[in-house]
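Here are some exercises to work through with the model open beside you. Try each one yourself before you read its solution.

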Amino acid sequence: MKLMRVGEIGQEKPAMLDADGKIRDLSGHVSDIAGASISPEGLAKLAAIDPKTLPELQPGRIGACVAGTGKFICIGLNFSDHAAETGAAVPPEPVIFMKATSAIIGPNDNVLIPRGSEKTDWEVELGVVIGKTAKYVSEADALDYVAGYCVSHDVSERAFQTERAGQWTKGKSCDTFGPIGPWLVTKDEIADPQNLGMWLKVNGETMQNGSSKTMVYGVAFVVSYLSQFMSLHPGDVISTGTPPGVGMGMKPPRFLRAGDVVQLGIEGLGTQKQTFQADF
Ligand code: ZN
């Protein structure tokens, strides 16, 4: 299933995309794409619905593909070829950092370049949406706790991230720096999360063209690993790292300016398109 949320900010209705690409209203069945509705039992109930029996919604703004996200956890330097372009070694254990959940926006919403930013950068990432509370889970069982996957754009301000004091969080958490969606694609539709093409273009020019094949710590490992340190809850999102081709790795480095248009996508998970604008 491709689950989604459609409507203006704060008024999104839960919906699913049917086989013909029509948007079908799920609000008669669940209050949102969140919490119990994305548990294994909740997803089984949604899967039993014939989409043709659901009212059709007109295409409009698409919201973030999941609501009620308590944690937005990112994995840094998780692609061997991306670590190399940043000049960093592949870390001996996953680097984890948090992106503020207030950064979450819809996949095609405008992204705001924060005040004082000169180094706003792009990162296409595979997002993992948790469907069931995970604590101390093994790698073998980890995917049982995953509801599905989405495209995640880990927008980053490199000066805030690495040239100012402290951790990466302040370069990753600016308002609008977390587009997720368009869909939460349930895991039954993704045969192998470690073999998905991933791409990103700026103003039509391809910048990233990679694959989740070069991910160092795969989805099952990461879910298991994180669950040793904190419980993961339904609706939590893990952004699993980016392939090479980010602006800071270019010679000379290249960053986003107001008016730039970024398009990105992952095989089977849909595409996003954002216009960048100054945050006055
Ligand atoms: Zn990232």
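**Exercise 1: the metal site**

Start with Glu123: it's buried, with a relative accessible area of 4% (buried means under 20%, with a 1.4 Å probe and protein chains only). Before going on, note that this is a predicted model, where local features need pLDDT of at least 70, side-chain atom pairs count only at pLDDT 80 or more, and totals for chains, interfaces and linings use all residues. Residues are numbered from 1 along each chain as its sequence is written, and side-chain values use heavy atoms, with hydrogens and water left out.

Task: find the protein donors of the zinc ion and their spacing in sequence.

Solution: 
- Step 1. Look for donors (N, O and S atoms within 2.8 Å of the metal, or 3.2 Å for Na, K and Ca; water isn't among the atoms, so sites may look incomplete).
- Step 2. You get Glu123 (OE), Glu125 (OE) and Asp154 (OD), at 1.9 to 2.1 Å from the zinc ion.
- Step 3. Written as a pattern, the spacing is E-x1-E-x28-D.
- Step 4. Glu123 sits in the loop between strands S9 (120–121) and S10 (124–130), and Asp154 in the loop between S11 (146–153) and S12 (156–157), so this pair ties together parts that are 31 residues apart in sequence. Strands here are DSSP runs (E, at least two residues), numbered from the N terminus.
- Step 5. Asp154 is buried too, at 0% relative accessibility.

**Exercise 2: the open sheet**

Solution: 
- Step 1. Write down the order of the 5 strands: S8-S19-S18-S15-S16, with mixed pairing (two strands pair if DSSP finds at least two bridges between them).
- Step 2. Check S8: 3 bridges join it to S19 (residues 270–278), and the two run parallel. Leu112, for instance, has Gln277 in S19 as its bridge partner.

Methods: Helix = DSSP H or I, 4+ residues; strand = E, 2+ residues; numbered from the N terminus. Buried < 20%, exposed > 50% of the residue type's maximum accessible area, 1.4 Å probe, protein only.
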